[in-house]
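Dear colleague,

My notes on what was found in it follow directly after it.

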Amino acid sequence: MIGQVVYKSFSTNPDYFVLCEKGVVRVVQRETTSDHEIGEFVQLHGALKRNVLYASSVELLSDEKEREAQKEAAVWTEALLIGRDFDALVEAPALEKMKPVFRQAAEALERAVIGMQPILVRFDEDADGITSALYLQSLVEHYIEKSGLPYPHSFFKAFQSEAPIFEKKHLQHLEAVASDFAREPLVVLLDHGGNEESFPALKAAKALGWDLMLVDHHPPFQDSLALFDVAVHPAQHGGSSAENTGLLMYHVASAVFAAPASWAHFAMQGDRSPYALKKFFKEPIVLDYASLQNWPLKKYRALLSDKNQVDVLYQRCLRLREESVREAFKRRNVQLFGSVNVQWLDISYLKSDYPPKGGVVQGLHEHVENEGPLVTVGFDKERVIFRANAGAEEAGFKANAWISDLKKRPGIVASGGGHARAASMRLKPGKLNAARSWLEERFKKVFGPGSQS
Ligand SMILES: [Mn+2]
């Protein structure tokens with residue numbers, strides 16, 4: 001029998017995994033001694049019992065025979081691939097266009113399993129990132145089961161990212177993980193990693209010989225995207241961030257098995273996708289809360305299949321949110337400009353992880369937004385968060401445009417942006433007062449004279 005070494009144990013007389021016409025078999029060397037490299041083609045003799053070949057000899061093929069074997073290996077691999085037809089979950093033109101990309105991503109994952117390549121995943125720390133990772137894990141599990149390939153579950157590892165950037169320190173962490181394996185990994189970044197800030201670490205990862213896959217919907221940086229062997233990104237196909245990562249991963253998974261749609265619906269609600277169902281789900285709120293605990297994937301998965309635990313955690317989230325709004329309401333400071341109320345909230349008192357600072361500002365805003373035109377401004381020395389209702393927008397408020405205007409004043413804004421009625425900016429050190437005075441002036445100019453109420 002001839003075959004290609006796809007994996008081997010760390011030993012001077014290693015056991016191998018070999019791709020051959022029978023699929024991928026384990027080769028045990030008891031009566032023979034050899035040490036071939038991963039990727040090399042070998043001639044094998046021995047006794048095959050189930051998926052294990054007890055080898056009596058393992059010899060390197062001649063160059064001439066190797067060329068033939070390479071063609072055959074492509075055929076063996078092809079025969080192991082699984083694909084199925086699938087429909088788009090929601091009516092979004094970009095999803096139809098992306099079907100070949102979803103298939104390409106699914107196939108790349110299948111090829112990693114066939115080739116015994118470790119799959120190392122980093123996912124963003126919210127409902128969208130978590131559900132994306134669940135789809136990826138399920139895809140791999142289903143494929144292993146369906147194909148009968150000997151891929152160990154321990155070759156799939158998923159890590160929650162604490163920042164929406166792939167940085168050098170994250171690369172170093174993955175390097176340590178990858179050093180346990182005999183071949184370079186396929187690294188998959190979910191719901192983060194296609195941006196400019198990730199470029200240096202991506203470049204370094206590529207230099208290590210790693211395969212890189214991205215599934216993301218955040219504004220991409222083209223040079224970063226170009227470093228991925230497979231990039232699943234709606235912006236490349238006429239889509240936008242509306243096609244969020246959980247939704248994208250649903251389709252990648254659906255190219256291999258009948259993936260559950262519920263996780264994608266949770267992700268769409270969590271990311272406020274316009275394609276989200278009108279129905280309300282507790283799960284995304286609970287996932288965002290649980291993500292603060294940095295659970296292993298299987299614990300998130302267990303949570304989503306346990307209605308009682310979802311209910312219990314949801315009640316806890318509700319209580320924490322209500323308490324935070326009561327406290328914020330006590331601390332707010334209201335000024336009337338013309339006919340628009342501006343409520344200021346100094347959020348530097350917030351110490352707990354939940355609800356997040358933006359969530360507290362949002363909660364306070366929702367609490368009073370039906371009482372006429374309203375702008376809510378949450379701030380501390382590092383950031384300013386804006387929320388506004390329709391009345392305030394009609395009166396001339398436009399958070400993103402105002403942030404752009406303030407950016408033209410040098411030295412105040414570090415970064416920022418968003419939408420007309422919801423946006424935020426980061427401040428340069430010591431610039432809170434400058435930003436506040438500028439805002440007050442702007443409120444007066446646009447809404448009318450101010451008075452404390
Ligand atoms: Mn997302």
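I begin with a pair of helices: the axes of α4 and α8 come within 8 Å and cross at roughly 10°. Here an axis is a line fitted to C-alpha atoms, for helices over the stretch in contact, and an angle runs from 0 to 180 degrees between N-to-C directions. The helices, like the strands, are DSSP runs numbered from the N terminus (H or I with at least four residues for helices, E with at least two for strands). α4 and α8 are therefore roughly parallel to each other; angles under 35 degrees count as roughly parallel, over 145 as roughly antiparallel, 65 to 115 as roughly perpendicular and the rest as oblique. On the α4 side, the contact is made by D128, G129, T131, S132, Y135, L136, S138 and L139, and on the α8 side by T245, G246, M249, Y250, V252 and A253. Two residues are in contact if their C-beta atoms, placed from the backbone, lie within 7 Å. Sorted by class, the contact of α4 with α8 has seven nonpolar, six polar and one charged residues. In this sorting, Ala, Val, Leu, Ile, Met, Phe, Trp, Tyr, Cys and Pro count as nonpolar, Asp, Glu, Lys and Arg as charged, and the others, Gly among them, as polar.

Please note that this is a predicted model, in which local features need pLDDT of at least 70, side-chain atom pairs count only at pLDDT 80 or more, and totals for chains, interfaces and linings use all residues. Residues are numbered from 1 along each chain as its sequence is written.

Helix α8 (residues 245-254) has ten of its ten residues buried, so it is largely enclosed by the rest of the structure. A residue is buried if 20 or more other C-beta atoms lie within 10 Å of its own, exposed if 12 or fewer, and partly exposed in between, with C-beta atoms placed from the backbone. Among the buried residues of α8 are L247, L248, H251 and S254.

Helix α4 (residues 127-147) also packs with helix α9 (residues 262-270), at an angle of about 160° and with the axes 8 Å apart. α4 and α9 are therefore roughly antiparallel to each other. The contact is made by A127, D128, T131, L134 and Y135 of α4, together with W263, A264, F266, A267 and G270 of α9. By class, this contact of α4 with α9 has seven nonpolar, two polar and one charged residues.

A further pair is formed by helix α10 (residues 283-290) and helix α11 (residues 297-304), which pack at an angle of about 150° with their axes 11 Å apart. α10 and α11 are therefore roughly antiparallel to each other. E283, V286, L287 and A290 of α10 make the contact with Y300, L303 and L304 of α11. The residues of the contact of α10 with α11 divide into six nonpolar, no polar and one charged.

Turning to the whole chain, the secondary structure comes to 16 helices and 17 strands. The C-alpha trace spans about 90 × 50 × 40 Å along its principal axes. Of the 453 residues in the protein chain, 41% are buried. Among contacts between residues at least 6 apart in sequence, 63% join residues at least 24 apart. The domain assignment gives domain 1 (2-80), domain 2 (93-305) and domain 3 (332-452), the bounds coming from an automatic or database domain assignment. The C-alpha centres of domain 2 and domain 3 lie 34 Å apart.

Some details of the backbone also deserve mention. Most residues other than glycine have a negative phi, and most peptide bonds are trans. R50, in the loop between β4 (41-49) and β5 (52-60), has a positive phi of about 50° although it is not a glycine. R50 counts as exposed, with 7 C-beta neighbours inside 10 Å. D191, in the loop between β8 (186-190) and α6 (199-207), has a positive phi of about 65° and is not a glycine either. D191 is buried, with 31 other C-beta atoms within 10 Å. The peptide bond from Y354 to P355 is cis, with omega near -5°, and P355 lies in the loop between β12 (340-346) and α13 (357-368).

Yours sincerely
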